[in-house]
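Good morning. I will take a few minutes to walk through one structure, and you can follow along on the screen.

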Amino acid sequence: QVQRFDRASRVMPVAHPFFSRDNIMATFDSNAGKLHIWGIRTVPKFMWFCAKEHRLPCLNVDMIRYNSIDKAAIVSTDKKGLQTVTIWVFSSASRRSHYLPAGTIYPKRKSDRVQEVRWHLTEYAQTYLGIQWDDRIDIYCQERNIDSGWLCAYTISAAQFGPGKSIGSSSFTAAGEPTFAIDKQLFVYSQELEEGKTISDVAYEEHGELPLVHPFILTELMSWGKIEAVKRLLSLLYEYFRELSIDSKRNAALPLIPLQDLLSLDTTSKYSQSASQPPATSSMFSKYASLLGSSLGDDVLTMDSATPDFEQFTQEKADFVAEKLTEIKIKGLSPIDQTRLLSIVGTISASQIKDQSIDSMGVRYLVKLQLLELENKRTRTAAELPYRELNWALHSNSQAILLQICLQRHASNGLTWESARQMGLCVWLSNNDALQLEVEKMARNIFIAEGRDPTKCAIFYLALKKQRLLLGLWRTAHTHPDHSKMVAFLANDFNQTRWKTAAAKNAYVLLSRQRYLDAATFFLLSGKLSDAVRVCVTQLKDFQLAIAICRCYEGDSGPVLKDVMWKHILPDAFKRQDRWLASLAFGIIHRYDLVLQSLTDDLSKLGSQIGVEAEISSYSTMNVLDTELLILYRSMLDYSSSYRAPLVTQAELIAQTMTIFECLGAPIMSLVVLEWWRKELLEITKRSATSVSMASTGDLGARSGRDNASNFESGVPDMSAFAGFAGFGGSSANTQKPAVVDPIETGLLSMDSFGSMFSTMSTSGNASSHANEALSKLSSANETLHQRDIDHTSTSESPTQDVENESLLAVDIEDTPVQYACRVTLALQIIEFVSRSKADSDSHKDIDIDEAKQTVANILRLPISVFVAS
């Protein structure tokens with residue numbers, strides 16, 4: 001092989017089930033920033049192949065240590081000579097998989113040099129890292145923090161074994177105990193830490209699974225529509241507190257919920273109608289009830305069949321839980337976590353008022369708003385809701401109830417601009433009439449709260465085109481120094497060009513004096529809405545105010561509002577790579593297809609496609625490690641039927657989200673994400689199969705069985721519809737790509753390649769012979785392709801063969817897990833159709849199912865074990 005790299009290391013098999021021939025060696029190219037993971041093939045000959053490729057920043061690498069669960073520790077030296085260890089967590093959904101920078105470990109002294117790095121995986125799937133320096137071994141445990149989450153749990157110093165001693169080499173035993181060599185002695189270090197804890201105990205405390213009643217888990221469950229599961233968990237928490245109030249000495253565990261209930265309960269399911277009715281488990285779940293249920297003892301509260309049904313999480317239960325949360329400390333929750341849990345309990349009880357219901361997006365917005373208010377009180381700041389949270393309210397279908405609750409709970413003393421901006425009210429409230437009504441009330445409240453000063457509320461009255469009402473307010477402001485001037489000026493007719501020009505001149509004078517709010521007010525008075533909006537965006541840095549006056553002045557479809565989005569807000573979002581602000585802007589102008597694209601596509605490429613010019617800033621405010629991108633993408637699929645992200649892009653986003661959840665101590669949320677993805681793939685496959693079946697049925701009258709089998713006459717089946725999959729057995733150079741969209745690029749599976757097989761087997765009469773003929777053609781095509789590969793391999797072994805071509809042949813990157821799943825799905829559908837055809841009629845009895853399985857498995861490069869035994 002000819003492949004550039006300057007550092008190499010074997011892959012550390014920290015967990016045996018994860019180790020395979022695909023993870024043998026890791027190499028790194030410091031100049032290109034490419035990390036390659038190499039595996040071994042033995043058929044048709046022994047060769048190395050690139051199993052994964054990760055693109056990292058260019059580093060001056062001294063050492064790499066990659067383990068078999070896709071985590072890497074890279075030792076590098078910066079320009080100042082400081083040596084650091086950076087940790088990377090990779091998601092393996094694609095050969096160009098995303099990485100998560102999981103932290104940087106700095107030396108205690110500048111002169112420290114790393115001698116060795118070792119990984120260990122505990123029995124509870126927590127990882128810790130042993131870094132051997134010149135004079136010590138530091139053992140680091142991962143924390144529930146994506147950005148820089150590594151804690152030094154213990155240090156073994158060489159000085160404690162005698163003066164002048166140094167550590168020769170180090171590793172971990174199978175039980176996780178540090179082992180190292182000093183001189184001619186080998187030490188196994190099993191000393192306990194403080195309070196009798198081991199390193200594994202500390203690792204679990206810092207990075208173990210969060211309790212199900214943790215506010216982070218509950219918030220994420222609500223985001224995925226699992227509100228009924230949240231209510232059941234809170235009902236179980238109520239029972240937990242009630243048991244403790246009866247017997248305070250009882251050592252009851254925190255409430256649990258079986259996996260089948262957690263994965264099946266959904267706000268859109270039939271079980272959400274009654275919280276007291278447990279879901280009916282499917283036959284698949286009932287087979288594994290002993291695994292997914294709970295048999296952990298009497299002291300664990302669960303929702304299994306032995307537990308009595310719970311009523312709805314009522315207001316009385318919410319009050320009881322809220323009272324006990326202030327008295328009882330829950331294991332695994334900090335005081336701040338319990339305060340956040342208290343706010344979630346209040347939000348859930350408020351969202352289920354009689355005759356009122358709020359969807360999951362609205363509930364998520366309320367929870368985030370309540371948490372922000374608690375944080376502002378704790379830190380004594382006045383932070384606003386991030387753009388991410390405004391997206392939930394914008395796309396909620398319960399905005400009327402949402403508005404009512406927001407005004408009652410967060411603006412009880414009257415709505416002001418500060419409270420409206422904190423809630424993002426003027427951005428997400430879709431009903432323009434309701435918006436104008438609230439803005440008028442807000443302007444009146446501001447006038448009274450500011451000591452009857454009309455200058456603070458003038459911009460809102462002018463946006464509502466109520467100049468006469470503003471004049472009346474000025475007439476009552478006798479103590480204001482500009483009272484007489486403003487009364488005389490506002491009494492003029494501003495429909496005349498003379499007075500419009502006078503107002504514009506005043507606006508420019510105020511702009512030069514840096515009185516920006518007054519300048520925007522006079523621009524509105526002169527009828528120059530675009531100039532007023534430009535002042536709000538560029539000088540005041542308040543795009544919410546710009547949106548508010550646009551919507552009040554010209555409605556939701558005015559040209560100035562669109563101009564603000566396309567020329568100011570979207571370029572700023574693309575410059576900062578802020579997906580949430582971009583999706584919010586597209587949502588305001590009702591471009592839901594672009595909302596989806598802004599969540600998944602590369603923003604720089606998307607900006608060039610839609611004509612938004614923005615220079616990418618080196619400083620990005622967007623946190624790419626965000627689990628909520630997938631949630632909004634999932635929720636927005638119903639709004640747009642013209643766009644679906646490619647399957648590979650979806651898989652990368654899903655794998656990244658699952659990795660983040662596991663890093664944050666929420667593997668249960670990874671299961672929720674995976675369950676949704678399984679259902680989504682199933683629906684995509686059903687739609688694709690239905691469309692192909694209908695197309696094949698329509699062509700039956702026009703084509704005979706002999707014409708349908710003509711695809712196999714050349715000995716090479718038409719696999720062009722799967723051109724996006726790597727190495728399907730046919731060369732793309734020999735088959736012309738059809739005029740259909742690529743399944744990988746569109747997110748939909750194209751089954752046109754098997755249309756002829758379906759239609760052939762669907763014909764009556766000679767269906768059995770046609771099916772056997774098609775399968776035999778497939779078999780012969782497979783043999784032809786296999787022989788072609790052997791011939792090509794033997795040719796490439798010639799000494800005169802170009803070494804670069806040999807490298808291209810051997811370094812063929814394997815297809816991704818999603819592509820593999822698609823091939824398995826297609827294979828199962830083919831065999832299911834063949835089996836059904838054989839069972840439906842006696843004329844189909846000649847079909848050999850086992851032979852069909854072997855043929856399909858060979859063509860699709862699948863093991864025969866993917867099929868159920870006959």
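Strand S3 is joined to strand S4 by a hairpin of five residues. Before going on, some ground rules: this is a predicted model, where local features need pLDDT of at least 70 and side-chain atom pairs count only at pLDDT 80 or more, while totals for chains, interfaces and linings use all residues. Residues are numbered from 1 along each chain as its sequence is written, and side-chain values use heavy atoms, with hydrogens and water left out. Helices (H or I, at least four residues) and strands (E, at least two) are DSSP runs, numbered from the N terminus.

S3 covers residues 34-41 and pairs with S4 in the antiparallel sense over eight bridges; two strands count as paired if DSSP finds at least two bridges between them. Among the bridge partners, Arg 41 goes with Met 47 of S4, and Trp 38 goes with Cys 50 of S4.

Where does S4 sit in its sheet? The sheet is open and has four strands in the order S1-S2-S3-S4, with antiparallel pairing. S1 (7-10) and S4 (47-55) stand at the edges with a single partner strand each, so one side of each has no neighbour in the sheet. On average, neighbouring strands of this sheet are turned by 25° against each other, direction ignored. Axes here are lines fitted to C-alpha atoms, for helices over the stretch in contact, and angles run from 0 to 180 degrees between N-to-C directions.

Is S4 enclosed or left open by the rest of the structure? Seven of its nine residues are buried, so S4 is largely enclosed by the rest of the structure. Buried means under 20% relative accessible area, exposed means over 50%, and partly exposed is in between, using a 1.4 Å probe and protein chains only.

Next, strand S11, residues 136-142. Seven of its seven residues are buried. Arg 136, Asp 138, Tyr 140 and Gln 142 point one way from S11, while Ile 137, Ile 139 and Cys 141 point the other way. In general, side chains in a regular strand alternate between the two faces of the sheet.

Gln 132 stands opposite Ile 137 of S11. With S12 (residues 150-157) there are seven bridges, and Arg 136 stands opposite Ser 157 of S12.

Now two helices. H2 (residues 215-223) and H8 (residues 335-350) pack at an angle of about 35°, with their axes 9 Å apart. On the H2 side, the residues are Pro 215, Leu 218, Thr 219 and Met 222; they meet Asp 337, Arg 340, Leu 341, Ile 344 and Ile 348 in H8. Contact means heavy atoms within 4.5 Å. By class, this contact has six nonpolar, one polar and two charged residues. Ala, Val, Leu, Ile, Met, Phe, Trp, Tyr, Cys and Pro count as nonpolar, Asp, Glu, Lys and Arg as charged, and the others, Gly among them, as polar.

Last, two single residues. Asn 376 is found in helix H9 (residues 360-379) and is buried, at 8% relative accessible area. Leaving aside residues up to four places away in sequence, Asn 376 touches Thr 381, Ala 382, Ala 383 and Gln 422.

Asp 433 lies in helix H14 (residues 432-449) and counts as exposed, at 62% relative accessibility.
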